[in-house]
Amino acid sequence: MEGGKMLQCATELRDFGFNIICLMEREKKPHFGAYRGGEIEAVFSTPHSADDIEELFTRYPQANVGILTSNVTVVDADCQDVIDYVEENFPPSPLIAKTAKGRHYFYAAGDVERISIKRDGKEVFSIRGPGTCNYVVGAGSTHPSGSRYEWIRQDLGLDELPALTQEDIGGLVGRFQNGTAFVPEVAASYKSNGGGGNLLGFDPSQIRMVGDPAKVGSRNNTLASDIGAFVRDGASREDSLQQALDWNAKLEKPLKVREVKKTHSSIWKVHLKNHPEEAPIQAVEMPARAKPKAKAPAKPIAPIPGVLGEFVDWFCDTSPKEVVDKRIAIQSALALGSVILGRRYVTSADNYSALFFIVVGRSGSGKEHCKTTVEGVLEAAELDDLIGGSGYTSPGAVFSELKETKACHVTLIDEFGRYLSASKQMGQSNLEQSMRVLIEIFGRPHGLHRPPSYSRMSDKQAKGIDRFTVKKPSITLLGMTTPGSFYKALEGAEVENGTLGRFLVVENESPLSKYRRDRSRKSPPDKVIEWAKKMRQGNVLSDASETHDIAPEPMVINISDEAYEVFEGFEESILKHRERVRDFGLENLLVRAHEIAMRLSLIISCSLCEPTISAKAAQWACDYSGDCFLRLVESVRIKMHGSKYEGERQRVLQAIDGAGEKGLTDRELRRHKGVGALQPRELTIILGDLVNRGEALKVKAPQSGRPRESWVSA
């Protein structure tokens with residue numbers, strides 16, 4: 001199952017009420033990366049939060065899902081005889097999952113530890129409950145054999161599960177242990193939770209679905225539960241209220257209408273607190289002319305600390321343009337640091353310095369100066385062997401370049417937008433595959449990589465083909481592009497598969513300016529040149545010790561405890577931002593922001609010539625990574641060609657534009673042909689976005705009686 005699917009699966013199981021843990025991929029064991037020594041007792045008593053689940057299954061996207069038995073009892077039937085017995089003699093379970101060998105039957109939590117019966121050395125069934133720390137593999141996971149755990153039936157919530165009696169468990173154990181009908185000593189170790197244990201007359205026909213009537217005494221709780229279900233299913237505030245009133249009317253003894261409205265209002269108050277973007281927009285008096293909101297000034301980024309700060313100053317002094325965006329200079333400085341430290345420095349958390357950068361600027365904005373300055377320092381420091389080609393024509397070209405440059409180089413690609421676009425055109429599979437290789441190398445700078453295999457069926461084909469490996473490759477990519485070609489080349493796939501989330505993107509926001517008449521021709525600062533030489537050569541005994549398949553022993557830069565605290569705070573912030581942009585389909589853009597910040601901190605620490613990554617270096621790296629990625633999310637949301645959200649936003653705006661001055665009411669807009677397919681929650685988010693951009697307004701038009709509230713173009 002795809003990584004995003006497993007996160008969704010784990011989230012749905014947690015929302016259903018299960019206590020969830022993370023298991024090894026295609027395994028039944030607790031994930032060693034998530035739980036030290038496989039210990040899960042802490043989670044058994046204190047379940048993971050929604051943020052914990054998202055963090056775990058983002059970090060381990062292929063992991064299986066485990067269901068702890070802290071609040072349920074599970075009968076794990078591993079043979080057909082047990083399945084037949086349970087189906088015939090046990091209370092019908094409304095929650096049944098298919099396993100590789102049999103079925104999981106879920107019942108209410110009872111005082112059960114673990115009962116296991118074997119036949120011929122193989123377990124035929126087990127009963128697991130909250131008495132000890134037990135778990136089963138959850139639906140949606142993959143068995144080691146490759147088969148899938150799936151729900152056969154999922155009709156009721158956990159609070160409505162039937163319980164097992166002493167007789168139920170004793171009868172099953174007796175049947176398969178020694179053939180008797182009842183085993184008192186086994187049953188005596190079991191205590192029913194909640195009296196009676198057989199749900200007193202439970203049968204499948206009495207299963208209550210969302211929206212079905214409730215008995216007197218449970219009406220208020222059932223109403224609140226159903227309204228919550230209506231909201232989760234995407235019903236608007238008005239629709240969910242109407243559904244609640246319709247439900248109430250079906251009751252033998254209906255609640256008072258004001259009580260239904262009060263409960264509905266309370267549920268929505270909590271929902272809007274958790275999802276402020278869905279708050280209703282208040283209509284304003286019809287203006288003579290609606291003016292767009294003024295754009296808030298961008299928060300300036302702090303100067304890059306250390307030696308690389310002198311590179312930035314030199315970049316600005318020698319730029320051919322009168323007005324320079326310092327963020328462009330910082331991108332170039334970081335690219336320089338990335339390639340100089342490549343392969344030879346690593347953090348104590350195994351973060352290397354290899355990074356991908358993109359500078360977006362209009363033609364004539366001076367972005368070409370990025371290439372000039374980076375190459376200028378490398379040549380002055382006699383490190384021009386680190387300068388690779390300007391792009392790659394095939395996967396083989398990537399590996400050939402790594403072989404020639406001892407597995408470390410910077411590639412400076414002009415018109416990167418066109419390069420990206422060309423990689424998707426028909427007949428350009430080599431370019432597309434080269435991008436895939438780059439993405440793989442970015443994700444595994446500590447690994448061993450091999451070029452793709454080619455046919456060796458003839459001497460002509462085999463000629464010149466050399467099989468080799470590349471160990472710990474370091475590629476720094478600095479691409480320059482115009483906004484038009486860059487955003488036109490982007491499609492939803494680059495966002496969904498995380499490709500774009502591997503790039504630090506900076507868009508030149510300085511106005512176009514004239515070329516300088518007194519442009520400085522100063523050489524790179526001596527301090528920067530000496531730093532480059534020292535950092536590149538200081539910890540390597542000799543050039544002979546390093547080749548494409550022999551990596552030097554890197555110098556380890558330890559991360560201080562204070563820096564770790566900064567990174568943890570940044571990671572929490574990014575998780576919240578991901579949740580906010582989930583409805584736009586852009587959350588994958590932020591997946592690697594935390595990892596990239598840690599790579600940046602290595603560069604900043606070396607720029608400061610510090611032996612340890614301090615809180616200062618970590619904070620600058622987090623600020624820069626966060627600034628770049630949050631700006632990228634906004635730019636992609638507005639400009640990306642082929643964006644699903646952008647297409648939906650345009651349809652809503654066109655519907656409002658087409659209505660002219662009269663506009664469209666909420667009801668008319670929901671029923672509009674081009675908008676009707678949207679969920680109420682999606683429509684609310686888009687309308688809020690249109691208001692914030694100054695493209696639409698909700699206005700009150702004066703008329704006799706109640707004023708007409710409608711959406712009009714701004």
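Me: Does Phe106 count as buried or exposed, and at what relative accessibility?

Reply: Buried means under 20% relative accessible area, exposed over 50% and partly exposed in between (1.4 Å probe, protein chains only). Phe106, at 1% relative accessibility, counts as buried. Please keep in mind that this is a predicted model, where local features need pLDDT of at least 70 and side-chain atom pairs count only at pLDDT 80 or more, while totals for chains, interfaces and linings use all residues. Residues are numbered from 1 along each chain as its sequence is written, and side-chain values use heavy atoms, leaving out hydrogens and water.

Me: How many aromatic pairs does the structure hold?

Reply: A ring pair is described by the distance of the centres and the angle of the planes. Rings of Phe, Tyr and Trp (its six-membered ring) pair if their centres lie within 6.5 Å; planes under 30 degrees apart are stacked, over 60 edge-to-face, and the rest tilted. There are 14 aromatic pairs here. One of them, Phe106 with Trp151, is tilted, at 5.7 Å centre to centre and 50° between the planes. Phe106 lies in strand β5 (residues 103-108) and Trp151 in strand β9 (residues 150-154), so the pair ties together parts 45 residues apart in sequence. Strands are DSSP runs of E, at least two residues, numbered from the N terminus. Trp151 is partly exposed, at 25% relative accessible area.

Me: Which residue has a charged end that sits over the ring of Phe442?

Reply: The test is that NZ of Lys or CZ of Arg is within 6 Å of the ring centre and within 35 degrees of the ring normal. Over Phe442 it is Arg599, 4.3 Å from the ring centre. Lys403 lies over the face of Phe468, at 4.8 Å.

Notes: Helices (H or I, at least four residues) and strands (E, at least two) are DSSP runs, numbered from the N terminus.
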